[in-house]
Structures are given as structure tokens and as C-alpha cells.
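I opened my notebook to record what I looked up in this structure, entry by entry.

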Amino acid sequence: MALIGLVRVSTDKQNVDRQHDALDPICVKVFEEKVSGKLAVEERPGLSAALGYLRDGDMLCVQEVDRLGRDTLTGLMTLAELFERDIAVKVLDGVGAGEHKEMNLLLELALVLASERRRDIVKKTKNGLDAARARGRVGGRRPVMTEALVVQAVALRERGYSLKQIQPHLRITDGKNKGKNPSIGAISQALRHHDEAAGVPA
């Protein structure tokens, strides 16, 4: 059995050294990609190349399950898809750490918890935005930080990302700034409004 590694980050600005340090010593080959983890397996060049390189008995190896997706939830969903393709996966750290050939109770529980956590974040964000509107904070020019972007920002912050680290993951979807990252100030203000509405202590 050989371990075939996958290193993933979302943007060119993110550092891959930590993942390589974990995978290079134990994998016969390591594939790297700098794409969003929300893309389908077929749309991800590094993951597709790694899967194509696997031979019978080999195992795909990632440092953490969220390297398979944009977060723990989508990573676990991708993991389940890989199992359906009869692909074994080794996760080194964090949620789902270990060697797996199929979904087990622990992974299914983690998937449920991650899904519940996502719904909780969406609900809190919606409540925060509704409260901001009620206080007259929304109006005039369309806000850069849409509900979807706030959800992403909250999720990244809860994973320990700083505002500077969150910024490259967010893309404005419309208007004259479409495709650009929102400013640090816009992200900070949106998170502050979210926390106030959710009753999170400052």
C-alpha cells in the first residue's frame, strides 16, 4: 500500500508548507492544488490527478479533512463521495483522523454535527442581518458583505482565521467591485453587526 498525498489551499497567497511537512515524508507522491474546495471532484485538478495516480491498495492522504473541501462539512461530504468510488483515505489530524475505507459511525456523527453547525451559523447570521436592518443599518447602496459572505466570514473566524486571513477567501459577487475581495473594514463591521445581533459578547 502506498500513500498518495493531496495538498490544497484556496488561493496563491496561502502557504502550503505545513501540509507538505506532514505529507512529504510519508507519501510516495504529493499532488497540490490551489482552488476552492467547493468545486466538484472532477473540477479539481490536484484531486483528480491524485485519484488518477492511485493504484489498487493505495490510499489518498490529507493532513485534515477540510483539505478535501472548503470546510469540515464539505470535506466530509467529499470523503463520503470518495468512499462511494471505493477510494480509501487517510486523515492525519483533526476530525476523522485515521484510515478509512467507508463511512463509519464516527464520520457520520461528525457529518451531522458539521451540518448542524453550518445551519446554526446561517441562522445566527440571518438574525444578525435582520436586526441590523431593523436598526436602519441597511439601506442606500447595496452592502458589499452579503449574507453569504457573512456566513463564510463567521465560519472562517470560528476556525481561527484572522481578518487578514479571511479576506482572500471572500469574493464580491456583483456590482462594480465584482470579483474583488471586500475590505478588512467591511468584513470587521459585518462581523461586529453579526455578533451584536447574535448576543455575542464584545
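**Entry 1: ground rules.** I took contact to mean heavy atoms within 4.5 Å, and I took helices (H or I, at least four residues) and strands (E, at least two) as DSSP runs, numbered from the N terminus. I noted that this is a predicted model, in which local features need pLDDT of at least 70 and side-chain atom pairs count only at pLDDT 80 or more, while totals for chains, interfaces and linings use all residues. Residues are numbered from 1 along each chain as its sequence is written, and side-chain values use heavy atoms, with hydrogens and water left out.

Entry 2: With contact defined, I looked up helix H5 (residues 147-158) and helix H7 (residues 184-198), whose axes come within 10 Å and cross at roughly 85°. Axes here are lines fitted to C-alpha atoms, for helices over the stretch in contact, and angles run from 0 to 180 degrees between N-to-C directions. Angles under 35 degrees count as roughly parallel, over 145 as roughly antiparallel, 65 to 115 as roughly perpendicular and the rest as oblique, and H5 and H7 are therefore roughly perpendicular to each other. Which residues meet between H5 and H7? I found Val-150, Ala-153, Val-154 and Arg-157 on the H5 side, and Ile-187, Ala-190, Leu-191, His-194 and Asp-195 on the H7 side. I sorted the residues of this contact of H5 with H7 into six nonpolar, one polar and two charged, where Ala, Val, Leu, Ile, Met, Phe, Trp, Tyr, Cys and Pro count as nonpolar, Asp, Glu, Lys and Arg as charged, and the others, Gly among them, as polar.

**Entry 3: the whole chain.** I then stepped back and noted that the protein has seven helices and five strands, which from the N terminus on run β-α-β-α-β-α-β-β-α-α-α-α. Of the 202 residues, 41% count as buried, where buried means under 20% relative accessible area, exposed over 50%, and partly exposed in between (1.4 Å probe, protein chains only). Among contacts with a separation of 6 or more, 59% come from residues 24 or more positions apart.

**Entry 4: helix H2 and its cover.** In helix H2 (residues 45-53) I found Gly-46, Leu-47, Ala-50 and Leu-51 buried. They cover an arc of only 130° around the axis, which puts them on the same side of H2; the arc is that of the directions from the helix axis to the C-beta atoms. I reminded myself that an α-helix has 3.6 residues a turn, so residues three or four places apart point the same way. On the other side of H2, Pro-45 and Gly-52 are exposed. The cover over the buried residues of H2 includes strand E1 (3-9), E2, strand E3 (59-64) and helix H3 (72-84).

**Entry 5: Glu-33.** Is Glu-33 buried or exposed? Glu-33, which I located in strand E2 (residues 29-34), counts as buried because its relative accessibility is 3%. Its side chain makes a polar contact (a pair of N or O atoms within 3.5 Å; within protein, one must be able to donate a hydrogen and the other to accept it, and residues adjacent in sequence count only if both atoms are side-chain atoms) with the side chain of Arg-44, at 2.7 Å. Leaving out residues up to four places away in sequence, Glu-33 touches residues including Val-7, Pro-45 and Leu-47.

Entry 6: Gln-63 lies in strand E3 and, at 5% relative accessibility, counts as buried. The side chain of Gln-63 makes a polar contact of 3.4 Å with the side chain of Arg-18. Gln-14 sits in the loop between E1 and helix H1 (17-23), and a polar contact of 3.0 Å joins its side chain to that of His-169. I also noted that Gln-14 and Pro-168 are 154 residues apart in sequence, yet 8.7 Å apart in space, C-alpha to C-alpha.

Entry 7: Asp-86 lies in the loop between H3 and strand E4 (88-93), and has a positive phi of about 60° although it is not a glycine. At 71% relative accessibility, Asp-86 counts as exposed. Lys-124, in helix H4 (residues 105-134), counts as partly exposed at 34%. Leaving out residues up to four places away in sequence, Lys-124 touches His-194 and Ala-198.
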